[in-house]
Every structure is written in C-alpha cells, then in structure tokens.
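Please keep the sequence and the structure open while reading.

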Amino acid sequence: MMRVEIKRLTDTAVLPVRGSAQAAGYDLCADVSGPLVLAPGTGAKVPTGLSVALPEGYFGGVYARSGLATKRGLRPANCTGIIDSDYRGPLLVPLYNDSDVVQTIQPGERIAQLIIQPYLAVEFEEVTELDATVRGEGGFGSTGV
C-alpha cells in the first residue's frame, strides 16, 4: 500500500476515508465553521482543511460523490479537479448547486471523493501527417447506430 503524506490545516479537518474496503475514492469532508448555503445555480470553494504531498508520477482526482450529485444536485464545479504532485496548498472543492432548490453543506459533511491515480508524462512530437485508421476523422456519434 502506498503512503501519502497529509496535513491537517485546522483542528476540525477530517482525514479522508473510504466508504468500503474496495472503494477507489476517499471521501473529502467540508471543513466549514457553520452551515454553508448554496443557492440554486451557485457555487463556492469549500475548504477541506487538508493539504497533501502526492508522489511524483501521480495526481489526485477530485470527483463527485454519486449520492450527493444524484440526490441533491451538488457536484464539483470543474467536474473533475486535478491535484498535481507538486501542489502543497489547501485542498478546496469548488462545489456547484445544479438543483433548483437551496442546498446546505454542514460542517464535516462528505462533499467529494479523492482518487490517487498514476499518469504518463509524455513529450509531444509535431508531425505533418498522422497514421490512417479505420475510424479516421469520425467524431461524436460516428461509431454508434
């Protein structure tokens, strides 16, 4: 199991935990002093009270919690957040209210999930032509019925 260093920035910050033994995501919780009200169609950068040191070659993906998104219309405003391995600042979740009713985030509430993922560093090589494939330039919906 990989070790990831994490730092609490406040006394009230909740360390990320998985909801089950096989869950890929670790729940991130709101570190707010009181209820945070989000009107319909608005968002806020919700602090977690945490910072992390991710290993080189990995990033942290901040994803929606499916229950929060489907039941209450709350999701990360950027859909998927990216935490780079060289970032050491506070983890914030830009939460957006897609619903048509006011939503309230409570202190300590689970607001997103963090998944640590590897990535490939690449070097782009500019060319004048790309190799041909059966699909070619077929885009959106080109392989469907």
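How many bridges join β7 and β9, and in which sense do the two strands pair? They pair in the antiparallel sense, over three bridges. The coordinates behind this answer come from a predicted model.

## Overall fold

In sequence order the pattern is β-β-β-β-β-β-β-α-β-β-β-β-β.

The radius of gyration of the protein is 19 Å, whereas a compact globule of 145 residues would have a value near 15 Å. Along the principal axes, the C-alpha atoms fill a box of roughly 55 × 40 × 30 Å. Of the 145 residues, 30% count as buried. The protein exposes about 9,800 Å², and carbon and sulfur atoms supply 54% of that area. Among contacts between residues at least 6 apart in sequence, 72% join residues at least 24 apart.

## The open sheet

Three strands make up an open sheet, in the order β5-β10-β8, with antiparallel pairing. Its edge strands are β5 (43-47) and β8 (74-76), each of which pairs on one side only. From one strand to the next, the twist averages 35°.

Within this sheet, β5 and β10 run antiparallel and are joined by five bridges. Ala-44 stands opposite Leu-95 in β10. Leu-95 is also among the residues with the most contacts inside the largest nonpolar core.

## Other strand pairings

Strands of a sheet pair through backbone hydrogen bonds, either parallel or antiparallel. Strand β7 (residues 58-63) pairs with β12 in the antiparallel sense, over six bridges. Gly-60 stands opposite Ile-116 in β12. In the pairing of β7 with β9, which is antiparallel over three bridges, the bridge partner of Val-62 is Gly-81 in β9.

Strand β1 (residues 5-8) pairs with β6 in the antiparallel sense, over four bridges. Lys-7 stands opposite Ser-51 in β6. Ser-51 and Ala-53 point one way from β6, while Leu-50 and Val-52 point the other way. Residues on both sides of β6 are buried: Leu-50, Ser-51, Val-52 and Ala-53.

## The nonpolar core

Which residues have the most contacts inside the largest nonpolar core? They are Val-62, Ile-83, Val-93, Leu-95, Ile-105 and Ile-111, in a core of 20 residues. At least two residues of this core are supplied by each of β6 (50-53), β10 (92-97) and β12 (110-118). The largest share, three residues, comes from β12.

Ile-105 can be followed through its contacts. Leaving aside neighbours within four places in sequence, Ile-105 is in contact with Ala-30, Gly-34, Pro-35, Leu-36, Leu-38, Arg-72, Leu-74, Leu-95 and Ile-111. Of these partners, Leu-95 and Ile-111 are also listed among the core residues with the most contacts.

## Loop residues

Glu-56 lies in the loop between β6 and β7. Glu-56 counts as exposed because its relative accessibility is 75%, and the cut-off for exposed is over 50%. Glu-56 and Ser-99 are 43 residues apart in sequence, and their C-alpha atoms are 38 Å apart in space.

Ala-39 is found in the loop between β4 (36-38) and β5. With a relative accessible area of 32%, Ala-39 is partly exposed. Ala-39 and Ser-99 are 60 residues apart in sequence and 8.7 Å apart in space, C-alpha to C-alpha. Leaving aside neighbours within four places in sequence, Ala-39 is in contact with Asn-97 and Val-102.

## A positive phi

Where is Cys-79 found? Cys-79 is in the loop between β8 and β9 (81-83). Phi of Cys-79 is near 65°, a positive value in a residue other than glycine. Most residues other than glycine have a negative phi.

Terms used
Residues are numbered from 1 along each chain as its sequence is written. This is a predicted model: local features need pLDDT of at least 70, side-chain atom pairs count only at pLDDT 80 or more; totals for chains, interfaces and linings use all residues. Side-chain values use heavy atoms; hydrogens and water are left out. A nonpolar core is a set of buried Ala, Val, Leu, Ile, Met, Phe, Trp, Tyr and Cys residues joined through side-chain atoms within 4.5 Å. Buried means under 20% relative accessible area, exposed over 50%, partly exposed in between (1.4 Å probe, protein chains only). Contact means heavy atoms within 4.5 Å. Two strands pair if DSSP finds at least two bridges between them. The radius of gyration is taken over C-alpha atoms; the globule rule is 2.2 Å times the number of residues to the power 0.38. Accessible areas come from the Shrake-Rupley method with a 1.4 Å probe; for residues, only the protein chains shown count as cover. Axes are lines fitted to C-alpha atoms, for helices over the stretch in contact, and angles run from 0 to 180 degrees between N-to-C directions.
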